[in-house]
Amino acid sequence: MSNKLKVGILGGTGMVGQRFVSLLEQHPWFEVTTIAASKRSAGKSYVDAVGNNWKIETKMPEAVKKIIVKDINQIEEVSSEVDFVFSAVNMSKEEIKAIEEAYAKTETPVVSNNSAHRWTEDVPMVVPELNPQHLEIIPFQKKRLGTKKGFIVVKPNCSIQSYTPALHALLEFKPKVVVASTYQAVSGAGKTLKDWPEMEGNIIPFISGEEEKSEQEPLRIWGHIEDGKIVKANNPIITCQCIRVPVLNGHTASVFVNFEHKPEKEQMIEAWKNFKGLPQELELPSAPKQFIQYLEDDNRPQVTLDVNYEHGFGISLGRLREDIVFDYKFVGLSHNTVRGAAGGAVLIAELLKAQGYITAK
């Protein structure tokens, strides 16, 4: 019998749910044993529930094909079969809040890809390399929920992954003003180019809610815990513009930044190359060995060449140069459904297990 932790995936038939399934195939610590989705899918085998809508580039793992999908609202039944769950449900914000708390109250930890709890004061929103200390708020959340083992942790929006780690590695120089334009892949909307024919040869200069998330969520990551609440940082000032582009996977960011203490270009590149976080120190299974790479070629990073760097868990930067208005400008690239979505959540779960927050029931 496997000694791996038993994992449930809430919303397992959607694109992010499929990415969870794909990433967890042969995972050394976790095993997908339960998949839950809407009533429409409940009662079907996973392969039948997904049908022709498998959207991941790798094949569906054999181990999950015959799993019978459960109704996501059968909370007690789903929870009884798992040690923790990943959440990638497609519901309204209030419905997501309610169902994630309901699962947590069954003493089932929830690691969520959803945005609903990102601003709940005692729910940590974590990029494991950047702010693992925010997990220290979990006991306050458990007290509110009345739980011993159940809690919720969320990952931030996919749009910020291509520039926030780069800025985090430079915090010693105190970034004070940041302008970022993100060029975001269609998979960020849960679609493929085949699903979205109007995106072919097209750019859409609006993604609902994305700019506010891109401007505010880094500040929460850089915030601190005070009186059982996470208080966001006041700076740097960040302004963003988010654009949908005809790319399947990969969010690219064009970033301009001013510092209080302007570094040399070589200092910035060294800070990026040398940056490591707790996942690297703990050698977590999904942690990239080199979290941030800097590419010297003027035409890098590129989606086709670099989006799968470190199996999609790493960040690629390039084109760092001084600017005539700002101190510097550069380009960043991240894989939006790996590092930016399911993969980021898997890395959080690995950190939670390593630190004793998630254990077998």
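**Figure 1. The loop between α10 and β12, with Glu 283.** In this predicted model, Glu 283 is placed in the loop that joins α10 (278-282) to β12. The phi angle of Glu 283 is near 55°, a positive value in a residue other than glycine. Glu 283 has a relative accessible area of 66% and is therefore exposed.

**Figure 2. The loop between α1 and β2, with Gln 26.** Gln 26 belongs to the loop between α1 (15-23) and β2 (30-37). Here too the residue is not a glycine and phi is positive, with a value near 65°. The relative accessible area of Gln 26 is 69%, so this residue is exposed.

Figure 3. The bond from Asn 235 to Pro 236 is cis, and its omega is near 10°. Pro 236 is found in the loop between β9 (229-231) and β10. A cis peptide bond also runs from Arg 300 to Pro 301, with omega near 5°. Pro 301 lies in the loop between β12 and α11 (303-306).

**Figure 4. The open sheet that contains β7 and β11.** Six strands make up this open sheet, in the order β10-β7-β11-β14-β13-β12, and their pairing is mixed. The edges are taken by β10 (237-244) and β12 (292-295); each has a single partner strand, so one side of each is left without a neighbour in the sheet. From one strand to the next, the twist averages 20°. Within the sheet, β7 (residues 175-184) and β11 (residues 251-259) are paired in the antiparallel sense over eight bridges. Thr 182 stands opposite Ala 253, a residue of β11. Helix α8 (residues 210-221) packs on the sheet and touches β7 and β10. The direction of α8 makes about 140° with that of β10.

**Figure 5. Surroundings of Ser 162.** Ser 162 is located in the loop between β6 and α7 (164-168). With a relative accessible area of 0%, Ser 162 is buried. Leaving aside residues up to four places away in sequence, Ser 162 touches His 251, Thr 252 and Ala 253, and also Ile 315, Leu 317, Gly 332, Leu 333 and Ser 334. Ala 253, listed here as a contact of Ser 162, is the residue of β11 that stands opposite Thr 182.

Figure 6. The model has zero disulfides by the distance rule applied, which calls for a pair of cysteine sulfur atoms within 2.5 Å. For Cys 158, which is in no disulfide, the nearest cysteine sulfur is that of Cys 242, 9.2 Å away. Cys 240 is likewise in no disulfide; the nearest cysteine sulfur to Cys 240 also belongs to Cys 242, at 5.6 Å. Cys 158 is buried, with a relative accessible area of 11%. Cys 240 also counts as buried, at 9% relative accessibility.

**Figure 7. Strand β4 and its parallel partners.** Strand β4 pairs with β1 in the parallel sense over four bridges. Phe 84 of β4 is the bridge partner of Val 7. Strand β4 also pairs with β5 in the parallel sense, over three bridges. In this pair, Ser 87 has Ser 112 of β5 as its bridge partner. From β4 the chain crosses through α5 to β5, and this β-α-β crossover is right-handed.

Figure 8. Helix α5 (residues 93-104) consists of twelve residues. From the first C-alpha to the last, α5 reaches 17 Å, close to the 16 Å expected at 1.5 Å a residue. The buried residues of this helix are Ile 96, Ile 99, Glu 100, Glu 101, Tyr 103 and Ala 104. The cover over these buried residues includes the strands β1 (5-10), β4 (84-87), β5 (110-112) and β6 (152-154). Helices α4 (75-80) and α6 (138-145) are also included in the cover.

Note on methods: Residues are numbered from 1 along each chain as its sequence is written. This is a predicted model: local features need pLDDT of at least 70, side-chain atom pairs count only at pLDDT 80 or more; totals for chains, interfaces and linings use all residues. Side-chain values use heavy atoms; hydrogens and water are left out. Helices (H or I, at least four residues) and strands (E, at least two) are DSSP runs, numbered from the N terminus. The expected span of a helix is 1.5 Å times one less than its number of residues. Buried means under 20% relative accessible area, exposed over 50%, partly exposed in between (1.4 Å probe, protein chains only). Contact means heavy atoms within 4.5 Å. Two strands pair if DSSP finds at least two bridges between them. Axes are lines fitted to C-alpha atoms, for helices over the stretch in contact, and angles run from 0 to 180 degrees between N-to-C directions. A crossover is right-handed if, with the strands pointing away from the viewer, the path from the first strand over the helix to the second runs clockwise.
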